[in-house]
Amino acid sequence: MGKIDRKLSLERQNKARVYIGHCLAKLQPGESLPSLREMIQATETSRLAVSQALDYYKNLNMVEVKPRSGIVKCGSCIEGNGRIVDLIACHETGYFTANSGFCNELLTSLYVMASVKGYALRMHQIPADDAESICKYQSIREAADSGGYILLMPRVREVVRFFEASGKPVVCAFPQPALRDVRQVADSSGIMKILVDHLVENGHRNIAYLAGFEDEWNESLTALGRRLEYYRLMAEHGFQVNPCWCSGSGETYAKLDKTLEIMFANPPLPTAIITVNYITNLYQLLDKYGYRPGENISVAAIECCNDPTNAMPGVSAVRNSREEAAALIWQLFEEQSRGDNSPRLCETPTVLIPGNSVINIKINH
């Protein structure tokens, strides 16, 4: 139970830290955060988790407790002089609702680094399908106090070009997909290779890939790139691919259930599955079909919308460092502030976090 307790404790603390980071992003120095009780209720965690999260920000001199005022944001008001940076989420807002979601954690890391460097972040969320997006972008660009822009997950070059016309620094964070002739921080191009190689080393040849899209018409270019990379790597290893092995898992339990039903009804059957997210649903449905991760099937994850380390058994997953991604984003931003406008692509370092969900079938057989 010790490992489970520690994982739950870290999950709650991270959830509270992300929530407090969101609160701080909306406040001016001297303004009060929600009370301790309100934070516990909002995060559905515990007093200990919220207190530990607050200690994290206290150690960075970002919050303090004042008599009668409660918990307040530290620092002095940052105005003008290019110290206010507009962070614009150019994607579906659902990416920010997952408790352990990548965007949530990246936002927290960006906010912490901005505060340390003396910047203030001003957050905007404009979904790609927002009919009034042009008007909203125009309003943001016309703000005289803005020192530049960080575009989170932009999909088209025109949005970047629109903000570049302001003459201020513009950095793209994880565009969907990578764009040409911009300063950007992107996913590592070797994510799929890391996972396929990991499974091959453990004796697997029948490797399925559950992509996150509902169907091919709704597949993003990033998802398409990963799917094509999966096919390329399987071909390089000389492995045949059952057409049922690579399909969209969708965002619902029912869609994933139907995908697995088809997969397990058409031999040859996979001995390993690579998935993008929705680990909890996948584990539950594998059990329905008589499979137990880490025992008679292997599962590996492209860590994305939720944290695979919270699953039991822990999932072998590739993970981007949120802190290193934030550091790269600010590095590109500050270089551009000093006059370096040359296009540049920085890939976020990605590591494999081994879990107990992958079995070595060579040893087991």
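Helices (H or I, at least four residues) and strands (E, at least two) are DSSP runs, numbered from the N terminus, and axes are lines fitted to C-alpha atoms, for helices over the stretch in contact, with angles running from 0 to 180 degrees between N-to-C directions. The structure is a predicted model, in which local features need pLDDT of at least 70 and side-chain atom pairs count only at pLDDT 80 or more, while totals for chains, interfaces and linings use all residues. Residues are numbered from 1 along each chain as its sequence is written, and side-chain values use heavy atoms, with hydrogens and water left out.

Helix H9 (residues 253–264) and helix H10 (residues 279–288) have axes that come within 10 Å and cross at roughly 45°. H9 and H10 are therefore oblique to each other, given that angles under 35 degrees count as roughly parallel, over 145 as roughly antiparallel, 65 to 115 as roughly perpendicular and the rest as oblique. On the H9 side, Tyr253, Leu256, Asp257, Leu260 and Phe264 meet Asn281, Leu282, Gln284, Leu285, Leu286 and Lys288 of H10, where contact means heavy atoms within 4.5 Å. The residues of this contact of H9 with H10 comprise seven nonpolar, two polar and two charged (Ala, Val, Leu, Ile, Met, Phe, Trp, Tyr, Cys and Pro count as nonpolar, Asp, Glu, Lys and Arg as charged, and the others, Gly among them, as polar).

## Cysteines

Taking a disulfide as a pair of cysteine sulfur atoms within 2.5 Å, a search of the whole structure finds zero disulfides. For Cys90, the nearest cysteine sulfur is that of Cys172, 8.0 Å away, and from the side of Cys172 this distance to the sulfur of Cys90 is too far for a bond.

Cys90, at 4% relative accessibility, counts as buried, and Cys172, at 0%, is likewise buried (buried means under 20% relative accessible area, exposed over 50%, and partly exposed in between, with a 1.4 Å probe and protein chains only).

## Backbone features in loops

The peptide bond that runs from Pro267 to Pro268 is cis, with omega near 0°, and Pro268 lies in the loop between H9 and strand E10 (272–275).

Met153, a residue other than glycine, has a positive phi near 60°; Met153 sits in the loop between strand E5 (146–152) and helix H6 (157–164) and is buried, with a relative accessible area of 7%. Asp181, which is not a glycine either, has a positive phi of about 60°, and its place is in the loop between strand E6 (170–173) and strand E7 (183–186), where Asp181 is exposed, with a relative accessible area of 56%.
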